[in-house]
Amino acid sequence: MPETAFDPAQDYPVSVKRPDLLKTPTGKPISDLTMQNVVSGRVQPEDLRIAPDTLRIQAEVADASGRPQLGQNFRRAAELIAVTDARVLEIYNALRPHTSTKEELLAIAAELEDSYGGRDTAALVREAAEVYERRGLLADTEA
Amino acid sequence: MNVLELREIGRAEKGARPDEVVLALSPGFATFFTKTIVDVPHSEVVRQILAGIEEQGVQARVIQVKARADLAAMAHTAARLSGSGIGIGVLARGTSMIHQKDLPRLSSLELFPQSPLMTPEVFRAIGRNAAQYAKGESPQPVPTLNDQMARPRWQAKAALLHLKECELLVKGAPPVEVEPVLTA
Amino acid sequence: MSLVVGVDIGNSTTEACAALITAEGVEFLGSGLVPTTGIKGTTANVDGVEAAVRAALRTSRLALPALQRVFVNEATPVISGLAMETITETLITESTMIGHDPRTPGGAGLGVGVTVAFGELDECSPGEKVIVVVPVGIDFAVVSKALNAALERGVDLRGAVLGNDDAVLVANRISCSIPIVDEVRLVSSVPLGMTAAVEVAAPGRTIRTLSNAYGLATVFELNADQTRAVSPVARALTGIRSAVVVRTPSGEVSDRHIPAGTLELGGETSTVRIDVGEGAEAIMAALARVTPMKDASGEAGTNVGGMLASVKENMADVSGVDLAEVRIGDLLAVDTFVPQEVRGGLAGEVALENAVALAAMVRTSHGPMQQVALAISQRLRREGAAEVEVVIGGVEAEMATRGALTTPGTDRPLVVLDLGGGSTDAALADRSGAISTVHVAGAGDLVTRLIASELGVERDVAEEIKQSPLAKAESFFHLRLEDGTVQFFEEPLPPEVFARVVVLSTDALVPIPVRHSVDRIRQVRRTAKQRVFVVNALRALKQIAPYRDLRQIGFVVLLGGSALDFEIPELIADALAPYGIVCGTGNVRGSEGPRNAVASGLVLSRS
Amino acid sequence: MSSLPNPEPPAPRHSLRTEVLENRPVNRDGFVQEWPEVGMVAMESDFDPRPSLRIENGRIVEMDGLERADFDFLDQFIADHAIDVDAAEQAMALGPQQVARMLVDPNVSRTEVLRTARGLTPAALLETVKRMNIVEIMMGMQKMRARRTPANQAHCTSARDNPLQVAMEAAEASLRGFSELETTLGVVRYAPLVAIALQVGGQVGRGGRLTQCALEEATELDLGMRGITAYAETISVYGTESVFVDGDDTPWSKAFLAAAYASRGIKMRFTSGTGSEVQMGNAEGRSMLYLEIRCILVTKGAGVQGLQNGSISCIGVPGAVPGGIRAVAAENMIASMLDLECASGNDQSFSHSAMRRTSRLMPQIMAGTDFVCSGYSSTPNYDNMFAGSNVDAEDYDDWNAIQRDYQIDGGLQHVSEPEILAARSRAGQALQAVFAHLGLPAITDQEIETAVYAHGSNDLLPRDVLEDLKGAAAVMERGVTGLDLVKALHESGFTDIADNLLTVLRQRVSGDLLQTSAILDANLEPLSAVNDANDYAGPGTGYRPGGERWEQMKRLRHVTSAENPELEVQ
């Protein structure tokens, strides 16, 4: 059967209208997430996470419903899926005011881009580095 | 009602006595303002805090801060000037804090954030606990009260009092040591 | 070659170890430890077993499908209960005495006069010897003014009793020096028009006159009979800094014994009864006469009756066994004391009342092990270990000794002492390898309970105190540790620990919300451990030792959670040293510490 | 005292009426005079900036009277991320009067307004709402709300952090109609057990309720990751740079956090509200509403689907100044007008006066919002660990009567006592089974029996807190997840609750709940502003409770039967 193209304007809720497009990050189709498979141990906690492709599908839905910023957030999110929880929290803390030097922020941006293909998130971090510099919100270097 | 006069002695200096507590009053305390948000006279606030300290056999000095109405900064200034390293800060509306010189400024030993719940008994307890810290004892923290209906009644007035007190700041003016004089 | 995992389902933790069994022998890989799920020996254990197996495999870098066999222990749940009862109380009648220790009394010395209400001070004549009694709520400025006025008129003011915490303030404001006692909560109940004495000692000292029976006799001009009657007053006032004694016609202080009831201990051949009021030592002596005990009960309608009934009900609830079937297999009685407010006191005086704490233990029948094993195999197969076979392997005690013997430097005859939460379990492997076991009531939970009641703290605080050494945060940059040494810090300590006694737990400093000193808390902690673990170690060893002779035991290996305690192993080793026993914390397989003995034993027995 | 040296002057005589009025609860509320110079003013201030906009090379170089070089970080974030430069020149050219008219004009569609609103600067948005009275603001809210069907959110907390109580309150709240359930703790270490209880209780009966546990970021994210909670909303933003920095955040750190939540499939909204900046003494001389508009635009720019606003914890400040509650309604409307999900306040203790408490609700309950309350206390207020709500469990019957009086849908309905008792006891039994399955401290039948019939935590049997806290630590150590709860429920025979929970967890994989204003409908399918877009276009259109829903709303505790007036409608 040929795959039907996804229509972001019509196919929401994706879980109802196009479950065929949804996979777990471990590659299982969403239809595998049944009670029977949970009870038999075939479904593991790792299976209940969102996959990058799913976030990109939702970004299309957001764009199609006139919410470009929301779509952009989902694209950044897709880039962060591979980053561990601990590292995500570290990066968040590094973005707090008076916490990081410009170099540290740029290094994070490079890490996101190089290790995770996180172009959009890296851009956000770089932009923060510029603004923090202009507004005096980088870490005090002499301290 | 007693009237409190703060007679300026001179620029506040660091004390040497290990058995003293320094009490820092905000710029509007007993100057523009005469009582706390719930009408406790400032004379009574000072009298009770000093009594709490004296009952513990500890000495007290009083300073008035001129340049800031930020409670943590005031209390920390008091602590740094105190021979024991223990200071108290009190805002005109009654919000109070016990501080210690080695703590980061934004931290505190005990904080009393809800000005409407500050009674003479609480002020006495603040003096008592500060003095006990100065003596190296382990006081039980003064129980902090909570009142869900303080928000509708007092939240805006507290903000107004804070804003008014901020207007009285004299930029760059150093804290001065004062002698509290109570007259009937 | 096959991959096996040994699993020990304990009362509180489930431990596992993974190993490869080859022709050459056993190669141990990783191990795991998780909290036990459900009551030991029930199918609810499966979750914990799965988690432990996964943990053991994870540390071995192996996956479930490779797993071939799992050995589980024959799990016999030991369920324990605790109770505590106060058996004495101190009573003051007619307000004879106020003996509390306000933090800041005023003045110093001894004053004797007649009690006069503050409002009536105006009516006193010059020369009258007066002890003034000031109610709560009168401002210190008002009090000082009135006292000065009376002194001015020539009233011979000898002392003062205040409701407020104002003693120093008043002392600083009056024109003569008199002893002043404050914070007397029920000051309005102080009898007026009576002769009274007020005594305040200088800072750091304690009162001398009112705590001496002859001092009281001198002050109040008493004869020998009267002196005998007031001697409890003197005793009650020992060691404090300030006190007030009022002489009333019929007032007295008494230590009353609360009838606590009789304990009935049933042995195989005889039954003995013992009054709980006689204390722990007598109870334990009676118990020794009927050991091995079959059951224990308390006299209905008395405190001890209620106490044992509630322990049994609790055990029935937890184990699901019918209440009538619950049999108490062992008891440990410990004398303790509980700070309690004195009845009839006026200032919230506290007396340390005697109490008896009881730990009881029930050894239930074997759990439905076959079902548990079946459930485990189903679960593991479902989770991917398609080939796994679950085998119930051997008696727990045998496995424990086998595992313990992997501790370097051990040999038979060897006793394993498993120091748990509810019970202390001992297993002996004699020279021939024959095994015998004994379970005695009382372990970590009882220690927590004793610490909590003696210090008057919540159980979670007591638990912290039990687990780690103490210190006092003398500044933001240094701690004075309980051994007197000092530890410095670069970063300031958190504000909530400043000036407080803290517990040095592994990941944080936990402030203790009480006024007690480091020394006092330490003493309570160590005594509690002595009275439970050392007593139980000796008790268990005496029951299990060949010919009941401790010298016949070569090695004692401590296992279980409390074997990781920072001082219990030392306390037990000290107590066993005189018997020539080598005693220490186990180090199973030379790497696991006091953990994993049964799990390792299970694997070893199969190789 | 017998004699006073200075007798007070005689008090002036008051009328008996004055005395009665003096004693009315409203006089225990605080009211203050405006002081616009420091920002103690709701929305009408001469010190707010005037709208202006200049775009060069597709970039905003001047906004509301400020050159780009002088932008603070909020200005810059808003200019670069929130405002659509392609729409801006046209939108600004319309002028505030015209935009205000569009908001109330039924002939102008919601989509048309959205097209304009995305090009407006903060000052332009402010000027627009300044022209609108409260009824017009409500009309705007009715049209601009993102989701067609209004809903409501409950606070389920316990003064003793008792998990059993929280599970039962969650089940009852679910039955009464709340779509989202939020909890928080007195003792933070209790969080895992209470969050589990909320999740289990929220799936009883119809189920499908989304749950949240307000904690510091790391723990909140952790619980969300494990599938023990379903969404988050306590991510605060502020309207001045200094207050934002005092809160140790920036628009960029918050935008990053927003992406982090979405990357874990967790629904999230920001929180802000009028009055927070002036309360902290750093309003920079701007009105409360102007600063809140900046918060709303930061939320929009960060790509967050929604916002909890309506002053929230600072409600005492706008509540005390003239026109303050109008400004609070306006901030909800502006959030909707910028196409954000709006959880519209009414969630904090607001007044001593029952009349003022009710009047506070009117704009949101009448116009309908995505969540009329961003926390209706499902317990008596003494159990509310968010420091009390504007409405609590004792107001249920009043709320239902108001819905029925006006035929307006505030998301709730009357439920008969037997149904409630059944749901509470089923929640209790399910939690009991889950606790037993996970080896957590047992919940006894007696505890359940007591809690089913209780009103608040004062009526409960106390739990062994030490044992519970050990259990809570074990949950974290053992890595218990939502999946373990599903298994525990299924294996203990609570298959319907297990199914509901699995459905909620499965939604995380689909990402459908990340879209604007998403909840789960009666069939546990996603219902959001995408597939339930607000289509209000004047009289006779948009959401109106009818049919089965209206019949449900007609039921109250006591309604005299028309067939037999001696009886009540059952």
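Helices here are DSSP runs of H or I with at least four residues, and strands are E runs of at least two, numbered from the N terminus. The model is predicted.

Asp248(D) sits in the loop between α11 (241–246) and α12 (251–263) of chain D. Its phi is near 65°, a positive value in a residue other than glycine. Most residues other than glycine have a negative phi. Asp248(D) counts as exposed because it has 12 C-beta neighbours inside 10 Å, and the cut-off for exposed is 12 or fewer.

Further along chain D comes a second case. Glu284(D) lies in the loop between α13 (276–279) and α14 (288–302). Glu284(D) is not a glycine, yet its phi is positive, about 55°. Glu284(D) has 17 C-beta neighbours inside 10 Å, so it counts as partly exposed.

Next, the peptide bonds. Most are trans. The bond from Tyr12(A) to Pro13(A) is cis, with omega near -5°. Pro13(A) belongs to the segment before α1 of chain A. In chain C, Arg412(C) and Pro413(C) are also joined by a cis peptide bond, with omega about -5°. Pro413(C) is in the loop between α9 (396–404) and β21 (414–419) of chain C.

Now look at where chains A and D meet. Here 49 residues of chain A are in contact with 54 residues of chain D. On the chain A side, the elements giving two or more residues include α1 (14–17), α3 (52–64) and α7 (119–135). The most comes from α4(A), with eight residues. By class, this side of chain A has 32 nonpolar, 10 polar and seven charged residues.

Definitions and conventions:
Residues numbered from 1 in each chain as written. Chains lettered and ligands numbered in written order. Predicted model: local features only at pLDDT ≥ 70, side-chain atom pairs only at ≥ 80, totals over all residues. Contact = placed C-beta atoms within 7 Å. Nonpolar A, V, L, I, M, F, W, Y, C, P; charged D, E, K, R; others polar. Buried ≥ 20, exposed ≤ 12 C-beta atoms within 10 Å, placed from the backbone.
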